[in-house]
Amino acid sequence: MSVPNEATVALMTGVDQKPEISKVEIPKLEPRAMLAEIQAATLCGTDIHLWHSAAKSMPYIPGHESCGIIVAKSGDHSDVTGEPVEIGDRVIWAYPFCGECFYCSVANQPTMCPNALRFGREPVAVYPHLLGGCATHQYVPPRSSVIKVPDQVSSELAASAACALRTIMHGFERLGRVPAHETAVVQGTGPVGLYALAVAKSRGFKRVLSIGAPATRVAVAKEWGADATLNIDEVPDRNERIKWVTEQTGGIGADVVIQCAGNVAVPEGLEMVRAGGRYLSIGEGGGTHDIGVSPRAVSVKMLNIIGVRSGAGRHFYEALQFLKQGKFPFEELITGTYALENVADAFNGMKAMTEVKAAIFPNS
Ligand SMILES: [Zn+2]
Ligand SMILES: [Zn+2]
């Protein structure tokens, strides 16, 4: 496969500024590094948040959800199952964790590694430059876990697995066993909420309830098998929503509530969990402001609150295997497709929430 001297990239040059199309020289590969030709990059809320706030790393190449074909490699590299990765393989890859810090080595929580590179936000001026998916080519760092994409999974869905779905798999791993009598509530009907609904449905919950908006996304939740849905546009009073969950669960509350709606949904979600239940908080958006949680809601209620951040190689692998099963019409999440030169439209569509997930095809 031929490798050009330069990649064509989208560049974020200023807060909320229109992304520019530019050229960046393809860097020399470190030992065990690889270069991928991007087949699809998908956007999520994090990209929009960084666009509004990541001034210190600008200019950067956006996009932290990518699927690409390996077109160059330096030395040998294996995927997460131990199979060699060859030129021509279609893959996704995890953030490279350092493997040497306290979180990587002692706590065995590599997603907390302070030394990891995080794609779609690193300054383009710093080697290896090509660390975002909105580009014809992306650098695959030596320490990244690499996962081959099954033929049955499209590149855009594989890209989306590299963020939302891998985090959900990590979250469910931390949630642990699901007894067959339990009911879950999923807060949120965005891509994370819909993926979480699909995973929850496949994990053996007795019932899975979905709460979100707008009506079009609530309809998708219903179609994907939510046992009951609540549209927050129709029920704007949080107390009414909490009451709805209580009624749906025989008066005791949900055994598990899964937050996929951002931090602002946490206090309400904690009220929806039954005493002694579990709260799995996945959605990161909504800022870091005080969410006003009463300590009584946590200690007297004996809640188990489980946070989750990102995922390691095994979660990416599990996410792709889940997509491969094809039990849900996941393609419905990809609502718009764009060429690289139209990346600004993709960002605007995500910002306006007219897109659930926008996919960019930089080499089409
Ligand atoms: Zn993402
Ligand atoms: Zn580390």
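Predicted model: local features only at pLDDT ≥ 70, side-chain atom pairs only at ≥ 80, totals over all residues.
Reader: Which residue has a positive phi of about 65° although it is not a glycine?
Author: Look in the loop between β1 (6–11) and β2 (20–25), which is the place of Asp 16. With 12 other C-beta atoms within 10 Å, Asp 16 is exposed, because 12 or fewer is the cut-off. The residue with that phi of about 65° is Asp 16.

Reader: What is omega for the cis peptide bond that joins Met 58 and Pro 59?
Author: The place of Pro 59 is in the loop between α1 and β4 (65–73). A cis bond joins Pro 59 to Met 58, and its omega is about -5°.

Reader: And which residue does a cis peptide bond join to Pro 214?
Author: Pro 214 sits in the loop between β9 (207–212) and α5 (215–223). The cis bond there has an omega of about -10°, and the partner of Pro 214 is Ala 213.

Reader: How are α1 and α10 turned relative to each other: roughly parallel or roughly perpendicular?
Author: Helix α1 (residues 45–53) packs with helix α10 (residues 343–351), their axes 10 Å apart and at an angle of about 100°. Angles of 65 to 115 degrees count as roughly perpendicular. Therefore α1 and α10 are roughly perpendicular.

Reader: Which residues in α10 do Asp 47, Ile 48 and Trp 51 meet?
Author: Start on the α1 side, where Gly 45, Asp 47, Leu 50 and Trp 51 are buried. The buried residues of α1 pack against α10. Across the contact, Asp 47, Ile 48 and Trp 51 meet Phe 347, Met 350 and Lys 351.

Reader: How many charged residues does the contact of α3 with α4 have?
Author: Helix α3 (residues 155–175) and helix α4 (residues 191–202) pack at about 50°, with their axes 10 Å apart. That makes α3 oblique to α4, and the crossing is right-handed. Among the contact residues are Leu 165 and Phe 172 of α3 and Tyr 195 and Val 199 of α4. By class, the contact has 9 nonpolar residues, 1 polar, and as for charged residues, none.

Reader: What is the separation between the C-alpha atoms of Thr 111 and Val 308?
Author: Thr 111 is in the loop between α2 (102–105) and β6 (137–140), and with 19 C-beta neighbours inside 10 Å it counts as partly exposed. Leaving out residues up to four places away in sequence, Thr 111 touches Arg 309, Ser 310, Gly 311 and Ala 312. As for Val 308, it is 197 residues from Thr 111 along the chain, but their C-alpha atoms are separated by 9.0 Å.

Reader: What distance separates the centres of domain 1 and domain 2?
Author: The chain is divided into domain 1 (6–152 + 326–361) and domain 2 (174–307). In contact are 9 residues of domain 1 and 9 residues of domain 2. The touching side of domain 1 has 4 nonpolar, 2 polar and 3 charged residues. Taken over C-alpha atoms, the centres are separated by 30 Å.

Notes: Residues numbered from 1 in each chain as written. Chains lettered and ligands numbered in written order. Domains from an automatic or database assignment. Contact = placed C-beta atoms within 7 Å. Nonpolar A, V, L, I, M, F, W, Y, C, P; charged D, E, K, R; others polar. Helix = DSSP H or I, 4+ residues; strand = E, 2+ residues; numbered from the N terminus. Buried ≥ 20, exposed ≤ 12 C-beta atoms within 10 Å, placed from the backbone. Axes fitted to C-alpha atoms, helices over the stretch in contact; angles between N-to-C directions. Parallel < 35°, antiparallel > 145°, perpendicular 65-115°, else oblique. Left-handed = near helix turned anticlockwise from the far one by under 90°.
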